[in-house]
Amino acid sequence: MLRSLRAETLKRRDFLFLAGPAAVRAAENATGVGVLGAVHSHAAEKLRILRESPDWRLVGVCEDDAGVAARLRAEGVPLMSRQALLAHPEIKVIVVESAVRDHARDARDALRAGKHVHLEKPPAVNLRDLLELVELARKSELLLQVGYMWRYHPGICRAMEAARAGWLGDVYLIKAHIGNQLAAKRRPEWAEFRGGVMFELGCHLIDPMVRLLGPPVRVTPFLRRDGAFSDTLHDNTCAVLEWGRALGMVTATTLQVNAQRHRALEIHGTNGCAVVNPLEPPRLTVELEKPAGPYAAGAQTIPLPAYRRYEDDFRELAAAVRGETRLRVTLEEEIRVHRALLAASGMDA
């Protein structure tokens, strides 16, 4: 481990020498970060961002899985024990990228160690554990950011802006779909939780729905096993969310061919709709009966800026740690989203 840490330090020094004084100053202001667990499917890309960003200085990663640890070691990632990572004085933020069943436990340990936390989704497998994390964060005045990957998605953000500003009229319907073709070897991992694909994937679209319209008054899940497999994974799912004057419908499946092309979020109002399809690469279409805000009447495709998953989340978190801003999503909103997700996953008991 010491050899890995020295190699990482030398590489960083070489880079700073070549980059010049500005890079040295930026590195001096970088926030020390540690990663607790790296088996989650989002971990690899998040590690790349942390290592590339001038906002962060990766101090170490703790991962017990021998295969994942070997890969990280080969990539020059410094490895640490759990105890060392939690106690390291230079680590101000811990990014939790462990298995879903361990998310709440690992976030709890990080908060108790006095670290700010970026917590991979879903943040917990029940409401009780999330409420405990929120209480710990509040009491300790620490940041807790949940890693829903599309909170800075330019198409989704523009669509939500149009709804909140009233440009779409009164919102009466939100439709969303997400799917993939999950490898058979990963199905047992997702089958661990009753919500199946809704819990693992549908969460990303329940998140903007609840943040836009608030807590639903009723959630009805439909959890089916329709794939030709002998396991217990709910692989073809739907959830209907009801508000006072609006409906939401989320579908999530692991059985879809060319799934990326069909991932979508639609917000419908009495003056028109905002449709993000596909979600990646993002494409936003706004269609209005009457002009509103920056949009003309009729259908129009809206130019969107370049986008990379997770990048803006970590940029915001770094600024919040420095005291320059607040996290976009409040802890109360995190509770609302998680409560709705559990209900949509049949896991609200």
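Modeller: Buried means under 20% relative accessible area, exposed means over 50%, and partly exposed lies in between, with a 1.4 Å probe and protein chains only.

Biologist: Why is Asn-258 called partly exposed?

Modeller: Asn-258 has 46% relative accessibility, which falls between the 20% and 50% limits, so Asn-258 counts as partly exposed. This is a predicted model in which local features need pLDDT of at least 70, side-chain atom pairs count only at pLDDT 80 or more, and totals for chains, interfaces and linings use all residues. Residues are numbered from 1 along each chain as its sequence is written, and side-chain values use heavy atoms, with hydrogens and water left out.

Biologist: Where does Asn-258 lie, and what is its phi?

Modeller: Asn-258 is in the loop between strand S9 (247–253) and helix H11 (259–262); such helices (H or I, at least four residues) and strands (E, at least two) are DSSP runs numbered from the N terminus. Its phi is positive, about 50 degrees, although Asn-258 is not a glycine.

Biologist: What makes Asp-55 buried?

Modeller: Asp-55 has a relative accessible area of 17%, so this residue too is buried. Its place is the loop between helix H3 (43–52) and strand S2 (56–62). Not counting residues up to four places away in sequence, Asp-55 touches Ala-30, Thr-31, Arg-315, Ala-318 and Arg-322, contact meaning heavy atoms within 4.5 Å. Pro-216 is 161 residues from Asp-55 in sequence and 37 Å from it in space, C-alpha to C-alpha.

Biologist: Why is Leu-327 called buried?

Modeller: A relative accessible area of 16% makes Leu-327 buried. Leu-327 is found in the loop between H12 and H13. Neighbours within four places in sequence aside, Leu-327 is in contact with Leu-143, Leu-144, Gln-145, Glu-316, Leu-317 and Ala-320. From Leu-327 to Met-80 the separation is 247 residues in sequence and 28 Å in space, C-alpha to C-alpha.

Biologist: Is H8 roughly parallel or roughly antiparallel to H10?

Modeller: Helix H8 (residues 154–164) packs on helix H10 (residues 196–213) at an angle of about 25 degrees, with the axes 11 Å apart. That makes H8 roughly parallel to H10: angles under 35 degrees count as roughly parallel, over 145 as roughly antiparallel, 65 to 115 as roughly perpendicular and the rest as oblique. The axes are lines fitted to C-alpha atoms, for helices over the stretch in contact, and angles run from 0 to 180 degrees between N-to-C directions. On the H8 side, Ile-156, Met-160, Ala-163 and Arg-164 meet Pro-208, Arg-211 and Leu-212 in H10.

Biologist: Which residues of H8 are buried, and what covers them?

Modeller: Pro-154, Gly-155, Ile-156, Ala-159, Met-160, Ala-162 and Ala-163 are buried in H8. The covering elements include strand S6 (171–179), H10, strand S10 (264–269), strand S11 (272–276) and strand S12 (284–288).

Biologist: How many residues has the largest nonpolar core?

Modeller: This core has 104 residues, and Val-61 and Ile-267 have the most contacts inside it. A nonpolar core is a set of buried Ala, Val, Leu, Ile, Met, Phe, Trp, Tyr and Cys residues joined through side-chain atoms within 4.5 Å. H10 gives the largest share of the core, 10 residues. Beyond four places in sequence, the contacts of Ile-267 include Ala-159, Met-160, Ala-163 and Leu-212.

Biologist: Which residues does a cis peptide bond join, with omega about -25 degrees?

Modeller: Lys-121 and Pro-122. Pro-122 is in the loop between strand S4 (116–120) and helix H7 (127–140). Another cis peptide bond joins Glu-280 and Pro-281, with omega about -5 degrees, and Pro-281 is in the loop between S11 and S12.
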